[in-house]
Amino acid sequence: MSNNSGDGFTPTGVVYKSTTLPKPTQKNHKELGLKDDDLMPLFRSMYLQRRFEERSAQMYQKGKFGGFLHLYIGQEAISTGTVAALNDNDDIIGAYRVHGLALARGTEPKYCMAELFGKSTGVSRGKGGSMHFFDVKRHFWGGHAIVGAHIPLAAGMAMANKYQNNGRVVICFFGDGAVDQGSLNETFNMAQLWKLPVIFVVENNGYSMGTAVERHSAGQLHKRAVAYDMKNDVVNGLDVFTIIEKISEVAEDVRKTSEPWFLEIKTYRYRGHSMSDPGNYRTKEELEEFKSFDPIERLKSYMIDNKLAVEDDFKAIEDEIEQIVLDAIDFAEESDFPDPKELYEDVYEQQDYPYHT
Amino acid sequence: MAVLQFREAIREALSEEMRLDESIVLMGEEVAEYDGAYKVTQGMYKEFGGKRIIDTPISELGFSGIGVGAAMNGLRPIIEFMTFNFAVVGIDQIINNAAKLKHMSGGQVKIPIVFRGPNASGGQLAATHSVAYETIYAHIPGLKVIYPSEPADAKGLLKTAIRDNDPVIFLESEQMYGLKGEVPEQEEFLIPMGKGKIKREGTDVTLVAHGKMYHVAKQAAEQLAKDGIEAEIIDPRTIKPLDIEMIVNSVKKTNRCVVVDETHPFCGFSAEVGFLIQREAFDYLDAPVQRVTIPDVPAPFAKNLLDLWLPKPKQVIDAVNAVMYRN
């Protein structure tokens, strides 16, 4: 292979693995500054995202709600590790596959599920849907569905943080498809010129929708930063310890130097791009191989192997989360749709804006 | 009253507001060290420094989006486009992010930002540098759009726009930057958005004209007055929200209307105003509403063709004659 970004089917019929994974960290949890008690919350966070989305897919298939549904399943180590590594008032912004980020940040599952259902109790009051979760009081800034269009927003938020000298760092997630947008390149240039405290993260899951990364992007993704003299690295995204290690290290550097970073996190999504995707651009073998690196199972095995927990401990948490997700579905079902008068709300700050008719 | 050039009135509005509010920053191409491509921001870099007057690379998409992100997170950015013809490179940031993020987040974010710069034609600049964008932005819910015609309006409305908590498109004109006019000197000179102004009173016909076209309408009205026809000129000043009430009240008095407009005719400003007048004042009309616009073609370079393309007082007079059934 010409680089380690991978490929899917090629015109010659040759099939490559979409993503080759960098090695995970060799440090154990204590060496990363994590206490024994810190591990079960990481499991909880990832498992909540997994079950929330599996149930969301079921609800979608039952016709409980419409629109698009992009699942994060397989990528949960990134959201959970990021939230664990950052301060609660650091700013997180993402693309349209953000259920996991919101849940990891602490948004209650019932408000997330209600948003999927388009209910007024949803985290964005039913105005945004799956792709536009916002929880600004938790410094979670969406949920953006024009590919790459939120990358400059992240730099602007970082500019405001720097201007206000508040010590906050912005982290901006996008998929490998967004790397090809002009918005990324324009933003990288200005972020580096102006030394903005922002971490750009490409979650390279191997496919821009159905186009393998080697077919849509020239060169290795993290090396886009090199042209701008921006610090960059590539890391394993299926191991939560690796994410915690790297994001902590990078956030500390950004806080100290006010210089941006570009991280390429290699990951994999188990499900299609969206619910309508049969996934015929990749092989079953590839999918199965990545499932064998599952981030949730990996942490569970680590905890069992290190005698930090036993199977029954996980079972109890899994049952509890199952109930939380089922309750979230009930909450979403029972919540009201937005009142018709809400059609004319949230458009302008001006309360008496004279809408045109 | 002070007599100021249009560019000076804008500069006063910017500087006064920046002195009052530390959260305002101004970004754009050549705004700082070059002192402004059209000298609107002259001296501001010296007064406010590089932290607040920020030169950007030629990356309209990037710095528009950076402005929106900064607005989400506590600043009140003013984004200068060297012309709005260049803003189309970054228009996604305006019509998707600035205009819609408040809505899609269920009201959790606000975007107090002003996008400003010259709009419409500026002489022989050919097709891509001559577009009047007000109706394109006015079409998008979430935005407010202003296009003033005189220095006083520019100052009062820009100060209001900067203080407003919604995204505002503030349109200027290369050809009007040197235009002089009286501007009130009080510190708190604010003109509300959405309020037009009767710039000339008359009883025979209503002329609706904003921005550069106001001056075309004014020349036509002066010519018509010599002929005994008194035109009333309404300058809406704000395109969105539109002061349709003022226009309709005038039409109810004059019973005739000509809209003078530098946007293209199809789905243009004149189309909207014409529709609203027929809905609100149908029984008062003594003639169909007429319009004088640029044609449905791009701006040509050749001087003779450009002269044909841009509305002139003569066309306004012809349209007035048509609605008055004069020969």
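The largest nonpolar core of this predicted model has 193 residues. A nonpolar core is a set of buried Ala, Val, Leu, Ile, Met, Phe, Trp, Tyr and Cys residues joined through C-beta atoms within 7 Å. A residue is buried if 20 or more other C-beta atoms lie within 10 Å of its own, exposed if 12 or fewer, and partly exposed in between, with C-beta atoms placed from the backbone. Residues with the most contacts inside the core are A:Cys172, A:Ile199, B:Leu207, B:Ala217, B:Val258, B:Val260 and B:Val316. The core draws at least three residues from each of domain 1 (2-183) and domain 2 (197-323) of chain B. These domain bounds come from an automatic or database domain assignment. Leaving aside neighbours within four places in sequence, B:Ala217 is in contact with B:Leu207, B:Ala209, B:Ile233, B:Val260 and B:Val316. Contact requires C-beta atoms, placed from the backbone, within 7 Å.

Residues are numbered from 1 along each chain as its sequence is written, and chains are lettered from A and ligands numbered from 1 in the order in which they are written. In this predicted model, local features need pLDDT of at least 70 and side-chain atom pairs count only at pLDDT 80 or more, while totals for chains, interfaces and linings use all residues.

In chain B, the C-alpha centres of domain 1 and domain 2 lie 26 Å apart. Their contact takes 23 residues from domain 1 and 22 residues from domain 2. On the domain 1 side, helix H6 (134-138), strand S6 (144-146) and helix H7 (151-163) each supply at least two residues. Helices (H or I, at least four residues) and strands (E, at least two) are DSSP runs, numbered from the N terminus. That side divides into 13 nonpolar, seven polar and three charged residues. Here Ala, Val, Leu, Ile, Met, Phe, Trp, Tyr, Cys and Pro count as nonpolar, Asp, Glu, Lys and Arg as charged, and the others, Gly among them, as polar.

Between the chains, the contact takes 35 residues from chain B and 36 residues from chain A. Helix H3 (60-72) of chain B gives the most to the chain B side, with ten residues. The chain B side holds twelve nonpolar, 19 polar and four charged residues.

Most residues other than glycine have a negative phi, and most peptide bonds are trans. A cis peptide bond joins B:Lys240 and B:Pro241, with omega about 0°. B:Pro241 sits in the loop between strand S12 (238-240) and helix H9 (244-254) of chain B. Phi of B:Cys267 is positive, near 60°. B:Cys267 is exposed, with 12 other C-beta atoms within 10 Å.

Notes: Two residues are in contact if their C-beta atoms, placed from the backbone, lie within 7 Å.
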